[in-house]
Amino acid sequence: MPHPSHAHRSPVHRLPRHPDLPPPGGPSHELRLLRTAYRWQRRVATLTALGYFTLFLLLSAFAPAVMNRSASGGLSTGLLIGLCQFPVSCAALLLYEYTARRRVDPLAHRLRRQGRGPRGGGR
């Protein structure tokens with residue numbers, strides 16, 4: 001006899017697969033490579049921006065003498081480090097784009113081609 005909590009389960013609804021994705025059970029090694037490349041890409045770009053900001057916060061909290069020191073033109077070191085946050089964020093964005101073009105996109109394109117197979121399916 002089925003358990004009463006299982007009696008009223010609704011059927012599982014799954015979203016349709018994207019036409020560019022390889023079929024299930026496809027080239028799992030290449031999918032793992034793609035996931036690894038994308039994970040590496042996200043981590044490097046995120047740690048670049050957040051690491052710099054965290055350094056700024058730590059210096060502000062634990063080294064106020066360094067942050068209040070005059071750097072140049074009457075600006076404090078803390079203000080100069082804070083102003084550098086924008087270029088560092090832009091560098092993180094450029095790094096993300098570079099690694100996408102160099103590592104992630106070629107793997108994704110190769111998987112799309114393999115997913116279409118010999119029939120030439122797809123769009």
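Trainee: Which residues does Gln41 touch, not counting residues up to four places away in sequence?
Mentor: Gln41 touches Tyr96, Thr99, Ala100 and Val104. Contact means heavy atoms within 4.5 Å. This is a predicted model, where local features need pLDDT of at least 70, side-chain atom pairs count only at pLDDT 80 or more, and totals for chains, interfaces and linings use all residues. Residues are numbered from 1 along each chain as its sequence is written, and side-chain values use heavy atoms, leaving out hydrogens and water.

Trainee: Why is Gln41 called buried?
Mentor: Buried means under 20% relative accessible area, exposed over 50%, partly exposed in between (1.4 Å probe, protein chains only). Gln41 has 2% relative accessibility, so Gln41 counts as buried.

Trainee: Why does Leu83 count as exposed?
Mentor: Leu83 is at 52% relative accessibility, so Leu83 counts as exposed. Leu83 is found in helix 4 (residues 77-83). Helices are DSSP runs (H or I, at least four residues), numbered from the N terminus.

Trainee: What makes up the largest nonpolar core?
Mentor: Six residues: Leu34, Ala37, Val104, Leu107, Ala108 and Leu111. Helix 2 (28-62) and helix 5 (85-116) each supply at least two residues of this core. The largest share, four residues, comes from helix 5.

Trainee: What makes a set of residues a nonpolar core?
Mentor: Its members are buried Ala, Val, Leu, Ile, Met, Phe, Trp, Tyr and Cys residues, joined through side-chain atoms within 4.5 Å. In soluble globular proteins, nonpolar side chains tend to be buried together.

Trainee: Which residues is Leu107 in contact with, leaving aside its neighbours within four places in sequence?
Mentor: Leu107 is in contact with Leu33, Leu34 and Ala37.
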